[in-house]
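Colleague: I have the model open and want to learn how to read its features. Can we go through them in turn?

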Amino acid sequence: MIDKEAQICHAGACDRILCTRQEVINLALGFTEDFRCIHCLAKDLEASKDALLLLLKMKDYVNSRPCFAKEWQKYTSEMDCPSPNTCYPAPCFATETESN
Ligand SMILES: [Zn+2]
Ligand SMILES: [Zn+2]
């Protein structure tokens with residue numbers, strides 16, 4: 001479902017690298033081509049302008065869908081993310097939050 005070549009954000013002048021998890025977030029949102037990074041997605045989605053909030057929301061959603069969860073879980077630790085500077089590795093790899 002996701003090829004191994006690193007994807008680059010397709011939004012305008014943004015050229016952030018998309019890790020597999022960001023690709024999965026695109027797919028989960030219904031974007032199947034011209035993937036965008038989480039920052040550009042958050043900017044475009046009216047409801048969630050904060051990239052970290054979007055990540056956390058999609059993390060829950062993705063993990064409730066086996067086909068997406070399978071891809072998401074190919075990364076097992078923060079070391080797997082190829083673009084930690086443009087991601088949020090700590091919350092992204094945190095085990096499920098049980099609060100609220
Ligand atoms: Zn971008
Ligand atoms: Zn990442």
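Colleague: How many disulfides does a search of the whole structure find?

Modeller: A disulfide is a pair of cysteine sulfur atoms within 2.5 Å. Searching the whole structure gives 0 disulfides. Keep the ground rules in mind: this is a predicted model, where local features need pLDDT of at least 70, side-chain atom pairs count only at pLDDT 80 or more, and totals for chains, interfaces and linings use all residues. Residues are numbered from 1 along each chain as its sequence is written, chains are lettered from A and ligands numbered from 1 in the order in which they are written, and side-chain values use heavy atoms, with hydrogens and water left out.

Colleague: Which residues coordinate the zinc ion (ligand 1)?

Modeller: Donors are N, O and S atoms within 2.8 Å of the metal (3.2 Å for Na, K and Ca); water is not among the atoms, so sites may look incomplete. Here, Cys 9, Cys 14, Cys 37 and Cys 40 each coordinate through SG, at 2.2 to 2.3 Å. Along the chain their spacing is C-x4-C-x22-C-x2-C. Cys 14 sits in the loop between β1 (7-8) and β2 (17-18) and Cys 40 in helix α2 (residues 38-44), so this pair ties together parts 26 residues apart in sequence. Helices (H or I, at least four residues) and strands (E, at least two) are DSSP runs, numbered from the N terminus.

Colleague: Why is the arrangement around the zinc ion (ligand 1) called tetrahedral?

Modeller: Ideal angles are 109.5 degrees for four tetrahedral donors. The working test is that all angles lie between 85 and 135 degrees. The 4 donor atoms around the zinc ion (ligand 1) subtend 103 to 114°, so the arrangement is tetrahedral.

Colleague: Are Cys 14 and Cys 40 buried or exposed?

Modeller: Buried means under 20% relative accessible area, exposed over 50%, partly exposed in between (1.4 Å probe, protein chains only). Both Cys 14 and Cys 40 are buried. Cys 14 has a relative accessible area of 16%. For Cys 37, also buried, the value is 1%. Of the protein's 100 residues, 43% count as buried.

Colleague: What are the protein donors of the zinc ion (ligand 2)?

Modeller: They are the SG atoms of Cys 19, Cys 81 and Cys 87, lying 2.2 to 2.3 Å from the ion. The spacing reads C-x61-C-x5-C. Cys 81 and Cys 87 are both buried.

Colleague: How many cavities of 30 Å³ or more are there?

Modeller: Rolling a probe the size of a water molecule over the atoms shows where empty space is left. On a 1 Å grid over the protein atoms alone, a cavity is a set of points where a 1.4 Å probe fits but cannot get out; lining residues have an atom within 4 Å of a point. Points are joined across faces, edges and corners, and the volume is the space filled by probe spheres set on them. The search finds 1 cavity of 30 Å³ or more. The largest cavity has a volume of about 50 Å³. Its lining includes Cys 19 and Cys 87. Helix α1 (residues 20-28) gives the most to that lining, with 3 residues.

Colleague: Where is Asp 34?

Modeller: Asp 34 is in the loop between α1 and α2. Its phi is positive, about 50°, although it is not a glycine. Asp 34 is partly exposed, with a relative accessible area of 49%.

How values were computed:
On a 1 Å grid over the protein atoms alone, a cavity is a set of points where a 1.4 Å probe fits but cannot get out, and a pocket is an open set with protein on both sides within 12 Å along at least five of seven lines; lining residues have an atom within 4 Å of a point. Four donors count as tetrahedral if all angles lie between 85 and 135 degrees; four count as square planar and six as octahedral if opposite donors are over 155 degrees apart and all others between 65 and 115; anything else is irregular.
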